[in-house]
Amino acid sequence: MPDAPAPDGASFEDVPRPIVQSRTFGDRVFRGVSAGAAATCLLIMITTGVFLTWKAFPAISATGPVEFLTGDTWQPDDEAFGVGGLLVNTIMIALTALLIGVPIALGLALFINEYSPARMRPYLTGGVDLLAAIPSLIFGMWGLYALSEPLSGVAEWLASHLNAIPLFRLTEPDVSLTRSTFIAGFVVAIMITPVITSVSRDVMAQVPRVQCEGALGLGGSRWGMIRDVVLPFGKSGIVGSILLGFGRALGETIAVVLVIDLVFQPNLNILEQGSGSISALIATKFGEAQGLEINGLIAAGLALFIMTLIVNLIARAIVNRSKLTG
Amino acid sequence: MTVELERTDTIWLDEPVDAPPVDDAPVSGAAVDPVDDAPEPPAEDPDVPFRPSSFGPSDRLEMVLAAVSGLAFAWALCLVMDWSHPLTFAIWAIVWFVAGIYVTARARTSKVVAMDRLVTTLIWLSGAFAVAVLGWMIVFVLVEGIGGLVDDLPRGEWIARIGAVALMVAVVAVVRWRVGRREAQGSAGVVTRLLPRLVGSACAVGALVVLLSVINTEFFTSDIAEVGPLDEGGGIYHALIGTLEQITIATVISVPIAILTAIYLHEIKGRLAVPVRFIVDAMSGLPSIVAGLIVFTVWVNTGRGFSGASAGVALAIIMIPIVTRTAEEILRTIDDGLRESALALGAPQWRSVVQVVLPTARAGLITASILGVARAIGETAPVLLTAFGSAVTNYNPFSAPQADLPLFIWGLLREPNEAQIARAWSAAVVLLLLVLVLFITARVIGERGARKRTGR
């Protein structure tokens, strides 16, 4: 019910009075059980952090923490576990994914919010949600069997036409262009699109419509309205959604494993064969790992855990703040 | 009204209980509902803004001309420069098309309009790209994998069966259309009402039977323990059993925890609410392989070995944040008036939650759980580290490695021969269809629930 002004002109707010009551036995049980469930979530994350650190310790101390974070050799027999190159490759895949995915995702978000006919809107949001629900394994298979071929053509084209950009250069003229960072990045880009689209769409949908209509009413074009009202309003939410997509891209496993060849050296020529990610390392080496190598894999997992945790918490903080101020 | 709270589901929402007559209510017409006088928000959009159409015939002509000139330009350029790559052609065509739209609009109107048209074109292109990619992927998987799911029949049989199904579907469609029109006219006797329905249902059942009859039953009822890599036959029975058991375990663990956590976050708002929301956020960004790694570290690697149950726990860790966040959103949509009226009637908080809030939110909570299941069912990385996969049927989820659908696909993809990869594709179709069915079910239930909650 909307607020109705009181007869004397002063408006009263519809806020419930705080209820002071002694809690019944049932209430105390109910609160206890819910708090227990909530505490389980805390417990899971704390266990994760503690156990991973504990089990990672032997491998990290055998290699040395600096060597672990900067090295690019993985020799379980020599107790050398360096994930530095893999960290670089992980980030390269995620950045490639952002480079391709962000324009598509933001374009899609604006398309759904501002451009698409109203009748199509539920189907488009449904499609975006569906894209988020499709298993990463299926993305990987699609990337491997349907995309590799055409995308290596794209890579060839980029290498021959845009090699002014250092990223697109090749070390040798006839190096293989399949199973590269670029192809993995493209697949991951499609996978993070729904994340970025749905979060940024939510934020941009909170723009006060009055301001949008005002901008249009003043004679602004639709692009002018988006540029001057929607984007400034949703700026921090958009940045947050991109960071969320980045976090998702860092941790992506199966799709990446299927489309790349794992190498431990940092590879900055994104079109060339050979790439890697921490999660791909765990998934590939896990089957035959024994002894200290298992600790090494757990250490790599810990590095991934911390990296994604930081990115995600920053992203969430930005998104939540933009929703509060909005 | 009695003080006893009853599960009345929606009575407070869509049927205003006889309110006392308002004195200055307009008495025009029959039985005006007092609530209707209040300026309540209309059904769909509070204010659908009027947009004058800014895309006229001349704009359409410009667009067609730009497209034609883009194609022609790219073709000429490729001919002159001797480029043969289709991608080069496509890129130049799109660039020239977009530039053409900008230039013509710039020449005819103004810079502002031209810029607007340029951005509109780019945004439509990105929307089309996303839709095309989703469609391409689904069609690609279906085309690659459908062959292994159906019986090997001669061509004539296929044509006959497809024709029969098409005929029956057509009959059902016609019947539905006719019945809908009859009912709209309101003129239907018993025979005219019942006969088309009977025919329609018979045809629907018939179409289903024909469709089911072509399914390759062996694929669903056998495992691949004794099937050599190059042999015919074999199936996903062991993987289906594993998926069923692991998902059941994951659901039984995660749904109660997630819904109670959501209740804690939104109904109780206790002291832990801030750290718990923080942690749930962190969990929802947890890479799925880390969820598997933690169960592996704590449970599997401490001498207990791979098992389906540990995979269930890993999947539960993935499901908890998804279900919690969705469930909290659902609880947020429930009107505070409901909770307060329950409290005002003297109900303790737990009765208000159990008998008022949860029944109202039921459909939404089911949707949240199904979406969680849909997400967990396709996860490969966590189950790889916990259930490991197996070629034999293992009914016991508490000991020994167990297969499931993603692991089945994953294992076969790494084998270098066509027959195994074809099996992987067929299993991928099953997995994709499972996810699609779960997803659509969740949406249908969710939409019905939302209609019920808001009384529309």
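# Helix packing, chain contact and selected residues

In chain B, helices H11(B) and H12(B) cross in a right-handed manner, where right-handed means that the near helix is turned clockwise from the far one by less than a right angle, and left-handed that it is turned anticlockwise. The model is predicted: local features need pLDDT of at least 70 and side-chain atom pairs count only at pLDDT 80 or more, while totals for chains, interfaces and linings use all residues. Residues are numbered from 1 along each chain as its sequence is written, and chains are lettered from A and ligands numbered from 1 in the order in which they are written. Helices (H or I, at least four residues) and strands (E, at least two) are DSSP runs, numbered from the N terminus.

## The helix pair in chain B

Two packed helices are described by the angle between their axes and the distance between the axes. For H11 (residues 288–298) and H12 (residues 308–333) of chain B, the axes come within 9 Å and cross at roughly 140 degrees. That makes H11(B) oblique to H12(B). Axes are lines fitted to C-alpha atoms, for helices over the stretch in contact, with angles from 0 to 180 degrees between N-to-C directions. Angles under 35 degrees count as roughly parallel, over 145 as roughly antiparallel, 65 to 115 as roughly perpendicular and the rest as oblique.

From H11(B), B:Ser288, B:Ala291, B:Gly292 and B:Val295 meet B:Ser310, B:Val313, B:Ala314, B:Ile317 and B:Ile318 of H12(B); contact requires C-beta atoms, placed from the backbone, within 7 Å. By class, this contact has six nonpolar, three polar and no charged residues. Nonpolar covers Ala, Val, Leu, Ile, Met, Phe, Trp, Tyr, Cys and Pro, charged covers Asp, Glu, Lys and Arg, and the others, Gly among them, are polar.

Helix H12 of chain B also holds B:Arg325. B:Arg325 touches B:Val280 and B:Ser284, leaving aside residues up to four places away in sequence. From B:Arg325 to B:Thr261 the C-alpha to C-alpha distance is 9.4 Å, at a sequence separation of 64 residues.

## Positive phi and burial

Most residues other than glycine have a negative phi. A:Arg179, not a glycine, has a positive phi of about 50 degrees and lies in the loop between helix H5 (136–161) and helix H6 (181–205) of chain A. B:Lys269, also not a glycine, has a positive phi of about 50 degrees; its place is the loop between helix H9 (237–268) and helix H10 (273–284) of chain B.

A residue is buried if 20 or more other C-beta atoms, placed from the backbone, lie within 10 Å of its own, exposed if 12 or fewer, and partly exposed in between.

| Residue | C-beta neighbours within 10 Å | Class |
|---|---|---|
| B:Lys269 | 10 | exposed |
| B:Arg325 | 21 | buried |

Chain A has eleven helices and two strands, in the order α-α-β-β-α-α-α-α-α-α-α-α-α. Its radius of gyration is 25 Å, well over the 20 Å that the globule rule gives for 326 residues, so chain A is more spread out than a compact globule. The radius is taken over C-alpha atoms, and the rule is 2.2 Å times the number of residues to the power 0.38. Along the principal axes, the C-alpha atoms of chain A fill a box of roughly 85 × 60 × 30 Å. Of the 326 residues in chain A, 48% are buried. Among contacts in chain A with a separation of 6 or more, 77% join residues 24 or more positions apart.

The contact between the chains takes 75 residues from chain A and 75 residues from chain B. On the side of chain B, helix H5 (residues 111–145) gives the most, with 19 residues. That side has 55 nonpolar, 14 polar and six charged residues.

Technical notes. Two residues are in contact if their C-beta atoms, placed from the backbone, lie within 7 Å.
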